[in-house]
Each structure stands twice: as C-alpha cells, then as structure tokens.
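Please keep the sequence and the structure at hand while reading.

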Amino acid sequence: MSSKATFTLFLIIGLLVTLALIAAPVVYAISLSFYTMDSFVADPEWIGLANYARILSTGAFWNALGNGLVYSISTIVLQVVLGIGMALVLNQAFPGRNLVRGLSILPYLLPTVVIVLTFKWMVDGSIGILTKAIAALGLPPIHWFESPQAAMASSVMVSVWLWTPFVTTAFLAGLQTVPTSLYEAAKVDGTNAIQRFYHITLPMLKPVLTVVVLLRAVWTFNKFDVIWLLTGGGPVGSTEHLAILSYTTAFTKFDIGGGATIATLSFLFLAISVFIYFRIFPLDEEES
Amino acid sequence: MTRALFGRLALYLTAIVIAIYSAFPVYWMIVSSTRAPQEMFSSSSLWPGPFTGEYYSNLLELTDYPAQFINSLTVALITVVVTMVFSVIIAYAVTRQRIRGKKVIVASMLYAYMFPPLLIAIPMYTFFTRIGLGDTLTSLVAAHLTMTLPLGVWFLWGFFKNMPFELEEAAMVDGCTRLGAFLRVVLPLSLPGLLTVAIFSFLLSWTDYTFALIMIGSDANKTVPVGLASMIGSFDLRWGEIMAGSTLIALPLFGAFALLSQYFIQGMSAGAVKG
C-alpha cells in the first residue's frame with residue numbers, strides 16, 4: 001500500500017469513529033432537547049424551544065446549578081490546597097518516602113462505588129468505626145446526611161479525598177522541574193521558606209496549576225456518581241446538581257426531552273465558563 | 001539544632017498523617033471483609049481478625065457477583081482493545097499529516113473532555129433501545145469508548161508528536177512501506193505510551209458506575225459497581241459481603257498499580273486522566 005493510501009485510510013477510519021462515537025451522540029442529545037418524548041421508544045414530537053422555556057422557569061434547575069457550583073468550587077479549592085500541601089511534604093527527603101507517595105495515590109485508584117460504600121460503612125450509625133471514634137472522644141454524634149448542609153459537606157469531603165491525589169501527583173511532577181539553583185540563590189538572599197514558595201514555586205508551577213484546576217473543575221462539575229450514591233440528591237434536593245437532575249428527569253420521570261435539555265444547558269454553561277477561564281488564564285502557545 | 005530536629009519530627013509526623021489519611025479506609029475495608037460476624041458488631045479493634053472467609057464465600061456462592069465480575073472484565077477488556085486500535089490510528093493520522101479532517105477530530109476530542117455524562121448517556125440509551133440493543137454489554141462498551149477514546153487520542157498525540165520523523169524516514173529509505181515503518185518502528189517505540197493508555201482505559205471502564213447504571217437494566221448484565229451499589233439498597237445491610245465485594249473490585253487495580261506504578265504516575269502527571 002502506498003504511503004498516501006495508508007494515511008487516507010487511517011484518516012477516514014479516524015473521522016468515522018469520531019463522528020459515530022463523539023459527535024453523533026451529542027448532536028442527537030441536542031436535537032432531542034427540541035422534542036417531547038415520554039418513553040424511550042415513543043415517537044418524538046417537535047416542540048421547538050418549549051423544553052428550554054419550561055426548564056429555565058423551574059426552581060429545580062437553578063437550585064441544581066447553584067448546588068453544582070457550591071459543590072465544585074468547594075471541592076476544587078480544598079483539593080488544590082490539600083494537594084499542594086501534600087506534594088510539598090512528599091517532595092522532602094525522608095525514610096519511606098516512596099511508600100507514602102504510593103499510598104497517597106490509593107484513593108484515586110478506587111472505584112467511586114467502593115469509596116462511597118466504605119465511607120458509609122465507616123460512618124454507620126451504630127457500628128461504624130468513625131461513629132465509635134467520635135463517641136469515644138466524647139463528642140456528639142454527627143449526622144452525615146440528614147441536614148442539607150451536612151449532606152453537602154459529606155459529598156465535598158468524600159470528593160476531596162478521592163481527587164486530591166490527582167493534584168498531588170501533578171504538582172509533585174511539576175516540582176521536579178523547578179531548578180534547585182533558584183532556591184539556593186534565594187536562600188543566599190536571606191528569604192524564608194514561605195517567601196520562596198510564593199515567589200519561586202508558585203510562579204514556576206502556574207502552568208501546571210492552570211491545567212489541573214481547569215480539568216478538575218470540568219470533571220467535578222460533571223461528576224454524577226459520588227453525590228448520587230452518597231445522598232441521591234437529597235435531603236429535599238439540597239445536593240441535587242445538574243447531572244442528577246438530568247438523570248432523574250430522563251430516567252425516572254421519563255421526560256427525555258427535558259433531561260436532554262438539562263444536559264445541553266449544563267454543557268453550554270461549562271463551555272462558556274471554560275472560554276472565560278482561558279481569557280483570564282491563557283495557556284502558553286505550546287499546545288496545538 | 002533543636003529547631004532542625006523539631007522540623008524533622010514535624011515532617012515525619014505529617015508524612016504519617018498523610019499515609020493514614022490516604023490508606024486507612026482501604027485498610028479498614030479489607031479488615032472488615034475478613035472479620036467474623038459477632039466481632040464485626042462488638043469489637044472496634046483496629047487490628048485485623050478474628051478472621052473469616054464467610055463473606056467471600058457468601059458473595060461468590062449466593063449472589064450474582066461472579067457473573068457481574070465476568071461482565072465487568074469483558075466490557076473493560078473489549079474497551080481497552082478497541083480504544084488502543086482506534087486511538088493509535090487517529091493519533092498517528094493527526095500527527096503525521098496536515099489534512100483538513102484533522103481539525104474536526106482534534107476539536108471533537110477536546111470537547112469530549114467536557115461532555116456531561118448525561119449528554120452522552122441519554123442519546124446512547126435512546127439509540128440502543130430503539131435498535132433493539134438496549135441493556136446489552138455492547139451498548140456499555142460504546143458508552144465507555146466516549147470516555148476512553150479522547151483520552152487515548154490526546155495521550156498518544158502528545159507521544160507521537162515528540163517522536164522524530166527521521167526514524168520512520170530511515171526505515172522507509174531501507175525499503176519499508178509507510179505501514180511497515182509504522183508497525184515496525186513507531187509502534188514498538190510507543191510501547192510505554194500504549195501501556196499508559198491501556199491502563200487508564202481499563203481503569204475508566206472497570207470503575208465506571210454512571211454509564212453502567214443507565215445502559216444496563218437486567219441483573220444478568222450488570223457490572224460489579226452497579227451490582228454492588230444495589231446491595232446497599234436492600235433491606236438488611238450485609239456490610240461484610242459489601243466490603244468483601246469492594247475489596248474484590250479494588251484488588252486488580254492495586255495489583256496493576258504495584259506492577260506498573262510508573263505508567264500510572266506518568267499518565268496522572270500528564271493530566272490526561274479523567275476521573
């Protein structure tokens with residue numbers, strides 16, 4: 001086969017697969033948002049923008065958007081702070097460092113289901129190990145999922161535990177690229193550790209941080225299973241975010257057009273946010 | 001001097017706290033999955049034991065767990081193979097040639113990173129139900145590919161881009177065709193990149209709950225994450241069996257990590273990994 005033909009073949013396969021698996025579902029989802037359909041086999045009926053008008057006028061949508069923002073922003077801030085802190089510690093030399101580095105990645109390897117089930121087991125009302133530890137310390141029992149604030153805090157806590165390793169690893173890899181001569185020079189100039197962190201480490205790692213925060217923000221905002229498995233969106237919708245609202249609308253209320261509309265709006269919101277983010281924190285031109 | 005000593009001590013202490021924070025839930029999951037039933041309710045000893053294999057045998061003999069394990073494995077392996085084949089082809093075509101279609105592919109893959117799962121799951125479920133393939137492992141593989149393919153293409157794109165063109169040209173001067181040069185020179189040299197893509201595709205597919213919840217309805221076709229999660233909905237909570245099931249899903253991942261940790265870390269550092 002000639003070199004040109006090989007390429008053409010590769011490209012055609014690539015285009016077809018991309019269109020079938022990535023583009024087609026999204027186009028289909030967006031088109032479903034213009035129809036009403038009350039079961040997955042029913043014939044869709046065109047209603048134009050009626051789904052959008054209806055969804056945007058419900059309190060549930062705005063409540064879910066607000067919850068999603070609270071959840072994503074608190075999860076990201078906490079995991080970035082914690083992840084950077086851990087990376088700084090794991091970058092020091094101490095015996096057993098490789099073991100601790102390995103252990104610190106563990107949460108990221110676990111399936112969400114396992115994390116949520118283990119967390120629920122640890123805080124089980126009567127025999128969970130955390131419940132017992134709290135009682136042994138003489139503290140009042142914590143009701144992890146009962147009040148709206150507690151349910152949100154528990155969701156954030158579990159998510160932070162799960163995703164901090166991502167930040168730690170990326171930051172730790174970034175730290176290896178900072179030349180030690182910079183620190184030596186700064187030390188000679190009489191700076192302390194905190195000044196060196198703010199004036200050398202952070203600026204040098206800004207590109208890594210920009211990408212990590214962006215990726216984490218997008219995926220956290222889209223993440224369905226952590227909250228769904230922990231609280232199911234409750235109590236009374238206090239942890240329901242757009243992914244859960246879209247799921248329940250399409251799969252328990254069988255309002256398929258409505259579910260597709262929420263998913264589309266959610267994507268639109270993300271795409272606009274990412275666009276603004278890149279305006280504020282431009283990446284260096286080395287990509288593309 | 002004492003200040004330096006204090007600093008060391010604080011460092012060790014923090015390292016121990018990090019280790020416990022990260023690993024305790026995993027440790028506790030394994031301890032609970034092997035602790036005898038009476039002790040499970042009364043004892044709060046942090047040491048493992050007294051041991052029992054009861055939960056594991058219940059899980060394997062009385063539930064759908066073994067069948068679900070096979071389902072998970074089938075889906076994950078097929079997803080890995082298909083992802084590898086297509087992401088190699090796409091990434092290579094995109095890096096080695098300036099063609100029009102290239103932009104479409106690259107842009108789609110970039111946007112795919114931002115797709116809310118329901119934006120994919122709703123149309124996929126509708127489509128597969130309508131063509132009579134609802135509730136099948138095939139439909140689940142298709143859904144998983146929407147996560148793993150962009151990952152593979154992005155990762156390998158970066159990998160192929162940094163591979164000097166001269167290598168292939170030298171092989172072609174020596175009489176290889178383009179395809180031959182690709183198969184004999186480019187692929188073997190990309191082994192570390194391919195391995196990373198394989199690992200993370202497996203991880204994504206194996207741990208997925210969201211797509212499996214939506215695409216699969218019947219107990220017989222469920223994968224382990226969904227099967228396990230439904231145990232907590234039932235009226236008596238069998239924590240021993242639930243922890244045993246959790247341990248068994250996590251075990252292959254720990255094994256792979258112990259053997260291939262450098263690739264895990266490489267992939268995570270590249271920021272290529274969705275979670």
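How many of the ten residues of helix H12 (residues 242-251) of chain A are buried? In this predicted model, the answer is eight, and the helix is accordingly described as mostly covered. The buried residues of H12(A) are A:Leu242, A:Ala243, A:Ile244, A:Leu245, A:Ser246, A:Tyr247, A:Thr249 and A:Ala250. Their cover includes helix H3 (59-90), helix H10 (206-222), helix H11 (225-230) and helix H13 (256-280) of chain A, and it also includes helix H6 (117-130) of chain B. The loop between H11 and H12 of chain A holds A:Val236, a residue that has a positive phi of about 40 degrees although it is not a glycine. A:Val236 counts as exposed because it has 10 C-beta neighbours inside 10 Å, where 12 or fewer is the condition for that class.

The setting for these details is chain A as a whole, which has 13 helices and two strands. Its C-alpha atoms fill a box of roughly 75 × 70 × 40 Å along the principal axes, and 40% of its 288 residues count as buried. Among the contacts in chain A with a separation of 6 or more, 68% are made by residues 24 or more positions apart.

One helix pair within chain A can be followed in some detail. Two packed helices are described by the angle between their axes and the distance between the axes. For helix H4 (residues 97-109) and helix H7 (residues 148-175) of chain A, the axes come within 7 Å and cross at roughly 130 degrees. On the H4(A) side, A:Ser104, A:Ile105, A:Pro107 and A:Tyr108 take part, and they meet A:Trp161, A:Leu162, A:Pro165, A:Phe166, A:Thr168 and A:Thr169 of H7(A). By class, the residues of this contact comprise seven nonpolar, three polar and no charged.

Chain B is built from 13 helices and zero strands, so that its elements, read from the N terminus, run α-α-α-α-α-α-α-α-α-α-α-α-α. Its radius of gyration is 23 Å, well over the 19 Å that the globule rule gives for 275 residues, so chain B is more spread out than a compact globule. The C-alpha atoms of chain B fill a box of roughly 75 × 70 × 35 Å along the principal axes, while buried residues make up 43% of the 275 residues. Of the contacts in chain B with a separation of 6 or more, 72% come from residues 24 or more positions apart. In the loop between H6 and helix H7 (137-161) of chain B lies B:Asp135, which has a positive phi of about 60 degrees although it is not a glycine. Because 16 other C-beta atoms lie within 10 Å, B:Asp135 is partly exposed.

Where do the two chains meet? Contact between them involves 75 residues of chain A and 74 residues of chain B. On the side of chain A that touches chain B, helix H1 (residues 3-32) of chain A gives the most, with 18 residues, and by class this side has 57 nonpolar, 15 polar and three charged residues.

A helix pair that spans the two chains is formed by helix H5 (residues 112-122) of chain A and helix H1 (residues 2-34) of chain B, whose axes come within 10 Å and cross at roughly 75 degrees. H5(A) and H1(B) are therefore roughly perpendicular to each other. In this contact, A:Thr118, A:Trp121 and A:Met122 of H5(A) meet B:Pro25, B:Trp28, B:Met29 and B:Ser32 of H1(B), a set that divides into five nonpolar, two polar and no charged residues.

B:Ser246, in helix H13 (residues 239-269) of chain B, touches residues of both chains, namely A:Val114, A:Leu117, A:Thr118, B:Met29 and B:Leu228, with residues up to four places away in sequence not counted. B:Ser246 is buried because 27 other C-beta atoms lie within 10 Å, where 20 or more is the condition. Between B:Ser246 and B:Met147, which are 99 residues apart in sequence, the C-alpha to C-alpha distance is 23 Å.

Notes: Residues numbered from 1 in each chain as written. Chains lettered and ligands numbered in written order. Predicted model: local features only at pLDDT ≥ 70, side-chain atom pairs only at ≥ 80, totals over all residues. Helix = DSSP H or I, 4+ residues; strand = E, 2+ residues; numbered from the N terminus. Contact = placed C-beta atoms within 7 Å. Axes fitted to C-alpha atoms, helices over the stretch in contact; angles between N-to-C directions. Nonpolar A, V, L, I, M, F, W, Y, C, P; charged D, E, K, R; others polar. Rg over C-alpha atoms; globule rule 2.2 N^0.38 Å. Parallel < 35°, antiparallel > 145°, perpendicular 65-115°, else oblique.
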